[in-house]
Amino acid sequence: MKRILLLLLLLTVSLAVYAQSNVTKFLGIPVEGTKSAMIQNLKTKGFVYNQRLDCLEGEFNGAEVRIFVHTQNGKVWRLCVGEKHSFDESQIKTRYEKLCEQFERNPKYLPLSVDTLPESKDLSYELVVHKKKYQAVYIQLPIDEDSLKRVVWVTFLRRTERYSGEYSIAIYYENGFNEANGEDL
């Protein structure tokens, strides 16, 4: 009887450890837990909490960023890493393509879908008039039945509602295990 209980305990612990280690990670930190715990973890990586904006600020991948922690039912499900500085149209194209290349070269990610930016198109016109959105979506490895719950995606946003040509990059690290699935409807 003791052997069976010990075996069940070991199996439970093994499953819990596997489940906890197999979620999306940002800088090695699992995207899970409470918002306050995530903020503390990010502070240990050198980010500083900005109470006025309710975000963390610091440097990531060579850029000054703000990190917004999004929760569902008290659990972290997404980190939004947004670059502080804006870019013009040619700069945002270069920045987006560079990030896509970095993700594609990184052995921790597998591309799921990547929108390429055509050189000949007027980016502002496509975004404003055609409501086009350019995104690159990656799965964080390993590949398993839960791969689509470990999604990282890159996009760029217009900074203003005007046809101004100011853009910024955003990278989203999502833990699909904590995403709302309509249970609150």
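**Reading the fold**

Guide: Five of the six residues of strand 4 are buried, so strand 4 is largely enclosed by the rest of the structure. Buried means under 20% relative accessible area, with a 1.4 Å probe and protein chains only. Strands here are DSSP runs of E with at least two residues, helices are runs of H or I with at least four, and both are numbered from the N terminus. The model is predicted, so local features need pLDDT of at least 70 and side-chain atom pairs count only at pLDDT 80 or more, while totals for chains, interfaces and linings use all residues. Residues are numbered from 1 along each chain as its sequence is written, and side-chain values use heavy atoms, leaving out hydrogens and water.

Visitor: Which strands pair with strand 4, and how many bridges join them?

Guide: Two strands pair if DSSP finds at least two bridges between them. Strand 3 is joined to strand 4 by three bridges, in the antiparallel sense, and Y49 has L56 as its bridge partner. These two strands form a hairpin with four residues between them, where D54 in the turn has a positive phi of about 55°. On strand 5, five antiparallel bridges meet strand 4, and E57 is partnered by R66. This hairpin has two residues between its strands, and N61 in the turn has a positive phi of about 50°.

Visitor: In what order do the strands of the sheet lie?

Guide: Eight strands form an open, antiparallel sheet in the order 3-4-5-6-10-9-8-7. Its edges are strand 3 (48-50) and strand 7 (109-114), each of which pairs on one side only. On average, neighbouring strands are turned by 25° against each other, direction ignored. Such angles are taken between N-to-C directions, from 0 to 180 degrees, with axes fitted to C-alpha atoms, for helices over the stretch in contact. Within the sheet, strand 9 (residues 150-158) and strand 10 (residues 167-175) share nine antiparallel bridges.

Visitor: Which strands does helix 3 lie across?

Guide: Contact means heavy atoms within 4.5 Å. Helix 3 (residues 89-105) lies across strands 5, 6, 7, 8, 9 and 10, and runs at about 30° to strand 10. Helix 2 (residues 35-44) lies across strands 3, 4, 5 and 6, at about 160° to strand 5.

Visitor: How many aromatic pairs are there in the whole structure?

Guide: A pair of aromatic rings is described by the distance of the centres and the angle of the planes. Rings of Phe, Tyr and Trp (its six-membered ring) pair if their centres lie within 6.5 Å; planes under 30 degrees apart are stacked, over 60 edge-to-face, and the rest tilted. The search finds eight pairs. F26 and Y173 have ring centres 4.9 Å apart and planes at 65°, so this pair is edge-to-face. The pair links strand 1 (residues 25-26) with strand 10, 147 residues apart, and both F26 and Y173 are buried. For W153 and Y172, the centres are 4.2 Å apart and the planes at 20°, so the rings are stacked.

Visitor: Which residues do ring pairs link into a cluster?

Guide: Ring pairs link Y96, Y134, F156 and Y167 in this way.

Technical notes. Buried means under 20% relative accessible area, exposed over 50%, partly exposed in between (1.4 Å probe, protein chains only).
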